[in-house]
Amino acid sequence: MKKVFKMKKLRIISVCGSGTVTSSMIANKVKDLLEDNGISATTVEVNPGGVEQLVVSGSYDLIVHTSPLLSAYTIPTINAVGFLTGMEEEEFIEELLKTAKELTK
């Protein structure tokens, strides 16, 4: 009998100042990077004021952000400014992949 493995799909909150352009760009880059590394993800884009409600829902695994967050949250957060600017991009990628692998174990 063939075993079927079901990989957990990460649900990621992408945060920028307006919750539109930059967060969408980061969300797409994050999804592509994770997919290239065998990890499935969906994202939602919000401004910092929208994070709390999403975290409280308990449906999200990770936050990536280019704007300061308004609070400390119970799920992992990763500053994505380096992924946006290209400066310290490798550090962001390394942290994202390490965190994603831990969350999908």
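Predicted model: local features only at pLDDT ≥ 70, side-chain atom pairs only at ≥ 80, totals over all residues.

Residues are numbered from 1 along each chain as its sequence is written, and side-chain values use heavy atoms, leaving out hydrogens and water.

**The sheet**

Helices (H or I, at least four residues) and strands (E, at least two) are DSSP runs, numbered from the N terminus. Four strands build an open sheet in the order β2-β1-β3-β4, with parallel pairing. Its edge strands, β2 (41-46) and β4, each pair on one side only. Neighbouring strands are turned by 25° against each other on average, direction ignored. Two strands pair if DSSP finds at least two bridges between them; β1 and β3 have four bridges, in the parallel sense. V15 has H65 in β3 as its bridge partner.

**Helices on the sheet**

Contact means heavy atoms within 4.5 Å. Axes are lines fitted to C-alpha atoms, for helices over the stretch in contact, and angles run from 0 to 180 degrees between N-to-C directions. Helix α1 lies across β1, β2 and β3, at about 170° to β2. Helix α4 also packs on the sheet, where α4 touches β1, β3 and β4 and makes about 165° with the direction of β4.

Helix α4 (residues 89-103) has 15 residues and spans 21 Å from its first C-alpha to its last, close to the 21 Å expected; that expected span is 1.5 Å times one less than the number of residues. Which residues of α4 are buried? They are F92, I93, L96, L97, T99 and A100, where buried means under 20% relative accessible area (1.4 Å probe, protein chains only). They pack against β1 (10-15), α1, β3 (62-65), β4 (77-79) and α3 (81-85).

L33 is found in helix α1 (residues 21-36), and T43 sits in strand β2.

L33 and L96 are 63 residues apart in sequence, yet their C-alpha atoms are 9.3 Å apart in space. The side chains of T43 and E45 are joined by a polar contact of 3.0 Å. A polar contact is a pair of N or O atoms within 3.5 Å; within protein, one must be able to donate a hydrogen and the other to accept it, and residues adjacent in sequence count only if both atoms are side-chain atoms.

Technical notes
Buried < 20%, exposed > 50% of the residue type's maximum accessible area, 1.4 Å probe, protein only.
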